[in-house]
Amino acid sequence: MSRTVEPPEHAAETRALRVVRLALHVLFYVLLAIGLATGSGSALGWGLGAALAVTYAVGGLAGRRLPVPAGLWLALLCLLWILLVLAEPSTGYVAFPLYFLCLHLLPRRWSVPGVGLLTAAVVAAQAQTGGGLTAAKVIGPCAGALVALLTAYGYQALYRESGRRQRLIEDLIRTRDELAASQREAGRLAERQRLSREIHDTLAQGLSSIVLLARTASPADYPSRLREIEETAAANLAEARRFVADLRPVQLENVSLTEALRRLAAGADVEFRLEGEPVPLPVEAEVALLRLAQEALANVRRHAKAERTAVTLAYQDDEVTLDVFDDGVGFDPQLVRPGEHFGLHGMRQRIGELGGGVSVESAPGEGTVVAASLPVAAREVS
C-alpha cells in the first residue's frame, strides 16, 4: 500500500494556485454585477449578462473537462462580452478577468494580441460613456492589461515550478521505493545463502551420512548402524529446530503471538485486547504482526503525546487483524514527507508480501489508528 504524498511546501503552492483561480472567478462576477447595476438596466443588457454568467460558470466549474474545446468556449465568452459592452458600456471592465483567460488558454503568439484587442474594446466602450474619451479612460484599461500580463506570467512561472517540484518528489519517492525493494531483495538473498551454507554443512551432511549408513549396512551391523542412524537423525533434528528458532524473534520464543503482544503492551503500559479464538499462524505472519505492533508503539512514544493507547488483536473467520490506536496529537497522512515513517512503510511491504495490508488513519488532534490485516491462510514467503 503506497501512495504519493505532497510535502507542505508543494501543498501550499497548490493552495495558492487555487486561491488565485477562485479570486479570478469572484472578480469576474463582481465586475459583471457592478457593470450591470450601474448600466441602463435594459432587458437586453441583463439577458446578455445572464448568458455571459452562465457561459463562464460552465467553463469555470468544468475546468479541464470542458464539453467543448477551450478555444471555442473562450471565443463564445468574448463574443457575448462584446455584445454586452455594446448594450451596456459600463460592463467594459469585465475584460480584466478575460485577460487572464486569454493568457492562460491561448498560445503566447495569440494571447498577447488577444489581450490587446480586448483592451481596445474596453477603451472603445468607455468612449461611449459620459464625457467621451479621456486620458484616464485609455490609461485605466491599458494599466489593467499590463497588470494582467505581469500577473499571468508570474502565475505561469509558479505553476511550472509547482509541477517541477511535484515531478521531483515523485522521482524521489519512486527511487526510495526501488532502493528499499533492492535492499530487501539483497537481504533476502543473503539470508538464503546463509541458510544454504548452514543446510549444506549440517543437515545435508547428516542426511548423506544416514543414506550411506543405510546403504552399507549388513544384517550383522543392523543394531550398531541403527544406533548411528538414530544419533545422526537426532542431531539433524536439533539443527532443524535451531534454524526455526533463529527465524523467530526473542519475544516469540516458546510463547504465542497473543502472549507476545500482551507482554509488549504491558511493557509499554498500554491496553491489550483479544477478540475471537486464536488460531496458529505461519512464522512469517506472527513476526510481521509483532514487528508492526513494535513500530507503531514506538511511533506513539516518539510523536503522539497520547494519554491512552490500545492494541487489539482480532481473529476472524478468514483473516487476523491488528489495530494500534492512540488518542494523541495525530497528523495529516497526506503531508508526510518522503522518508518519514519508513518503518511503517517497510511493514506495509512485509505484510503485503503475505497477502495482507496496512492502513493509517489520522487527523490533526484526532489521534491515530494503524490497522493491519492478514488472511488466515497466509503462508510463509519462501
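This is a predicted model: local features need pLDDT of at least 70, side-chain atom pairs count only at pLDDT 80 or more; totals for chains, interfaces and linings use all residues.
Me: Is glycine 49 buried or exposed?
Reply: Glycine 49 sits in helix α2, residues 43–62. Its relative accessible area is 1%. The cut-off for buried is under 20%. Therefore glycine 49 is buried.

Me: Which residues does glycine 49 touch, not counting those up to four places away in sequence?
Reply: Contact here means heavy atoms within 4.5 Å. With residues up to four places away not counted, glycine 49 touches Leu32, Leu36 and Leu84.

Me: Is leucine 86 buried or exposed?
Reply: Leucine 86 lies in helix α3, residues 70–87. With Leu76, Leu79, Ile82 and Leu83, Leu86 makes a nonpolar surface patch of about 470 Å². Exposed means over 50% relative accessible area. Leucine 86 has 67%, so it counts as exposed.

Me: Which residues are linked with Glu259 in a network of salt bridges?
Reply: Arginine 262 meets glutamate 259 at 3.6 Å, N to O. Arginine 263 meets glutamate 259 at 3.3 Å, N to O. Arginine 262 is three residues from glutamate 259 in helix α8, and arginine 263 is four residues from it. The network links Glu259 with Arg262 and Arg263.

Me: How many residues apart are arginine 308 and glutamate 271?
Reply: The two form a salt bridge, with the closest N and O atoms of arginine 308 and glutamate 271 3.7 Å apart. This pair links distant parts of the chain: arginine 308 is in the loop between α9 and β2, glutamate 271 is in strand β1, and the separation is 37 residues.

Technical notes. Residues are numbered from 1 along each chain as its sequence is written. Side-chain values use heavy atoms; hydrogens and water are left out. Helices (H or I, at least four residues) and strands (E, at least two) are DSSP runs, numbered from the N terminus. Buried means under 20% relative accessible area, exposed over 50%, partly exposed in between (1.4 Å probe, protein chains only). Patches are made of residues with over 30% relative accessible area and no salt bridge: like charges are joined within 9 Å, nonpolar side chains (Val, Leu, Ile, Met, Phe, Trp, Tyr) within 5 Å. Accessible areas come from the Shrake-Rupley method with a 1.4 Å probe; for residues, only the protein chains shown count as cover. A salt bridge is a side-chain nitrogen of Lys or Arg within 4 Å of a carboxyl oxygen of Asp or Glu.
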